[in-house]
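Please examine the following structure.

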Amino acid sequence: MREIVIISGKGGTGKTTLTAAFCALAEGAVFCDADVDAADLHLLLQPQVRQREDFIGGAKAEIDRDRCTECGLCRDLCRFEAIGTELVVDALFCEGCGVCVDLCPEKAIDFPLQRCGEWYVSDTRFGPMVHAHLGIAEENSGKLVHLVRKEAMRLAEQENKQLIITDGPPGIGCPVIAAIGGATLVLAVVEPTLSGQHDMERVLDLAAHFKVPARLIINKYDLNSRMADAIAQTAAERGVACVGRIPFDRDFTLAMVQGQTLFDYPGAENRKEELRRIWADVLAALPEDKQRLTLNMYH
């Protein structure tokens, strides 16, 4: 089983649009949306949910007034100012660190687990999909990313699928680390801007740190061809090949507005042929003997 994780240094580079197009081209694959903070792959794949589960991701402090002696130590210790003068915990400010729970002299503070979101196993017109929804301002997105990837692997084994296509989160933070660890290949999608080059370098550094092979796709390259050349050169100096340069095309946007992948949208045959070629190059870049790594960081 092999996994391709598609990431970007920032949001809005076209990562999910390309992921959905690759889902339409893939055969015998499981799809995974690991961008749990802002999941949107479902808008294009239109999944039909067959399994829905709660995600229990953290805990919030609650003061038991019957046990509390109102010493105020918890309020003094809370660096997030989540406990007010009335010694009531504001759940929006509580970060779940547990300091007040551990150090309360009367053991008057409970720490119940919280439901932070949901995760799903669904069917799409292209194949099975695992995805999730993290609640507003909820924590532990990295833990949820790990969960959906693990379920995607379990589903692939159960249904004898040989490939997982994962729409990863943007940036280089905890959710991205949870998304790429143990992957077979990382595809970095970048725009031809100075900030795009900077973001690409950080993403490639992260992939190199975790020893995950990487390839590059430059989206909307014709908006600044010189910068696109510079980005491709920088990637090549790091040993990362550019497998595709995709021009700006309104058909991508029009298809997206209608909730379709480019391959569901009529016309745009030149773009479709380019994507078929890029997908073939991506598959050719997959290492055949990639050693599977066990993700234990969130167990």
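Q: How are H7 and H8 oriented to each other, roughly parallel or roughly perpendicular?
A: This is a predicted model, in which local features need pLDDT of at least 70, side-chain atom pairs count only at pLDDT 80 or more, and totals for chains, interfaces and linings use all residues. Residues are numbered from 1 along each chain as its sequence is written, and side-chain values use heavy atoms, without hydrogens and water. The axes of helix H7 (residues 194-209) and helix H8 (residues 225-237) come within 10 Å and cross at roughly 15°. Angles under 35 degrees count as roughly parallel and 65 to 115 as roughly perpendicular, and therefore H7 and H8 are roughly parallel.

Q: Which residues of H8 does H7 meet?
A: Contact means heavy atoms within 4.5 Å. From H7, the residues involved are Leu194, Gln197, Met200, Glu201 and Leu204. Their partners in H8 are Met227, Ala230, Ile231, Thr234 and Ala235.

Q: Is threonine 16 buried or exposed?
A: Threonine 16 lies in helix H1 (residues 15-25). Buried means under 20% relative accessible area, and exposed means over 50%. Threonine 16 has a relative accessible area of 12%, so the residue is buried.

Q: Which side chain does a polar contact of 3.1 Å join to that of threonine 16?
A: Leaving aside neighbours within four places in sequence, threonine 16 is in contact with Asp40, Leu41, Leu44 and Asp167. A polar contact is a pair of N or O atoms within 3.5 Å, one able to donate a hydrogen and the other to accept it within protein; residues adjacent in sequence count only if both atoms are side-chain atoms. At 3.1 Å, the side chain joined to threonine 16 is that of aspartate 40.

Methods. Axes fitted to C-alpha atoms, helices over the stretch in contact; angles between N-to-C directions. Helix = DSSP H or I, 4+ residues; strand = E, 2+ residues; numbered from the N terminus. Parallel < 35°, antiparallel > 145°, perpendicular 65-115°, else oblique. Buried < 20%, exposed > 50% of the residue type's maximum accessible area, 1.4 Å probe, protein only.
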